[in-house]
Amino acid sequence: MACKCSLPPSVFLALDPLMINMPSWKRVPEESTAAARPNHRMLPEEQTLPHTLAVYTWDGDKKTKKTHSVLPVASFSEFLTKHFAGRENLRGFDFGAA
Amino acid sequence: MTTIFSGVDYTGLERDRLVVENAWRLGFPVMECDVQAVDSLDSFRCDLVTMFRPHPSDVPSLVSTAKRMIEPHGLIAISLKAEDMQDLIVGKRFLDERLPVADFWTALSGFSVLSIKERCVGDLPLFENPYLFAYSPRGLQGFELITLK
């Protein structure tokens, strides 16, 4: 399906309004994870975010572990402010996924 | 009006017509478009492209399009759904039942990984998980990061 609208010349906001009521992530009950998935690791809480992220990937049938460095930031706004420091009239685009 | 970042004029895109209609009723300028058919955006240039809770199988094509849209100093930011991030950490072979994990990491080559302590932006709980994938053609400014390979 092709895009049905042309880009408006000036817009001010585009956040999925459904996000406002987006449910927060719910933990899988502990008893259903450990036995079912021996390698299961819960997403960390904000207070204990590690500075590395260990993930697994696949090369054919071979499962390998990769560790990525992670930079902790306080907030998304702080991150954007630092990255775009001093810049004005920025244009943003959000790819929603309803 | 709540904004994700007060310095950015934002445009949105959704594939679901009902979401688009609801958005316009609420005053949000969101366009209806199949995210797999976004070549028409190639002439659109912007500073910030965000993807919150994308379908994993859409990510490779969206990243490809976003990299064509983004200004050299711009930024692409991706936050996955909690269960998709969980699948990455656990090491499932496929995301979204269609996308091999290896293809996901290939699509995100050059991205950096950040962790966001505050998951809300204003009153909006935008982040379902603490991790954010970010990319800028000229590198992230204000940070020294190791990029994904």
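Start at a turn in chain A of this predicted model. Strand 1 and strand 2 of chain A form a hairpin with two residues between the strands, and there A:Gly60 takes a positive phi near 65°. The two strands pair in the antiparallel sense over eight bridges. Strand 2 covers residues 62-75. Within this pairing, A:Ala54 stands opposite A:Thr67 of strand 2.

Strand 1 of chain A, residues 52-59, also leads across to chain B. The buried residues of helix 3 of chain B pack against this strand. They pack as well against three elements of chain B: strand 5 (94-95), helix 4 (101-107) and strand 8 (131-135).

Helix 3 of chain B spans residues 82-90, and seven of its nine residues are buried, so the helix is largely enclosed by the rest of the structure. Its buried residues are B:Ala82, B:Asp84, B:Met85, B:Gln86, B:Asp87, B:Leu88 and B:Ile89. In general, an α-helix has 3.6 residues a turn, so residues three or four places apart point the same way. After helix 3 of chain B comes B:Gly91, with a positive phi near 100°.

The chains also meet strand to strand. Strand 3 of chain A and strand 3 of chain B run parallel, joined by three bridges. Here A:Asp94 stands opposite B:Thr50. Strand 3 of chain A holds residues 90-95. Five of these six residues are buried, so this strand is largely enclosed by the rest of the structure.

Follow chain B onward from its strand 3. That strand covers residues 46-52, and a loop connects it to helix 2 (59-69). B:Arg53 lies in this loop. Is B:Arg53 buried or exposed? B:Arg53 counts as buried, because it has 21 C-beta neighbours inside 10 Å and the cut-off is 20 or more. Its backbone stands out too: B:Arg53 has a positive phi of about 55° although it is not a glycine. Most residues other than glycine have a negative phi.

Now step back to chain B as a whole. Chain B contains four helices and eight strands. Along the sequence they follow the pattern β-α-β-β-α-β-α-β-β-α-β-β. Of the 149 residues in chain B, 51% are buried. Among contacts in chain B between residues at least 6 apart in sequence, 58% join residues at least 24 apart.

Last comes confidence. Chain B averages a pLDDT of 78, and 66% of its residues score at least 70. Where pLDDT is low, the predicted coordinates should not be read in detail. The model scores ipTM 0.78 and pTM 0.71.

Conventions:
Residues numbered from 1 in each chain as written. Chains lettered and ligands numbered in written order. Predicted model: local features only at pLDDT ≥ 70, side-chain atom pairs only at ≥ 80, totals over all residues. Buried ≥ 20, exposed ≤ 12 C-beta atoms within 10 Å, placed from the backbone. Pairing = 2+ DSSP bridges. pLDDT = per-residue confidence, 0-100. Contact = placed C-beta atoms within 7 Å.
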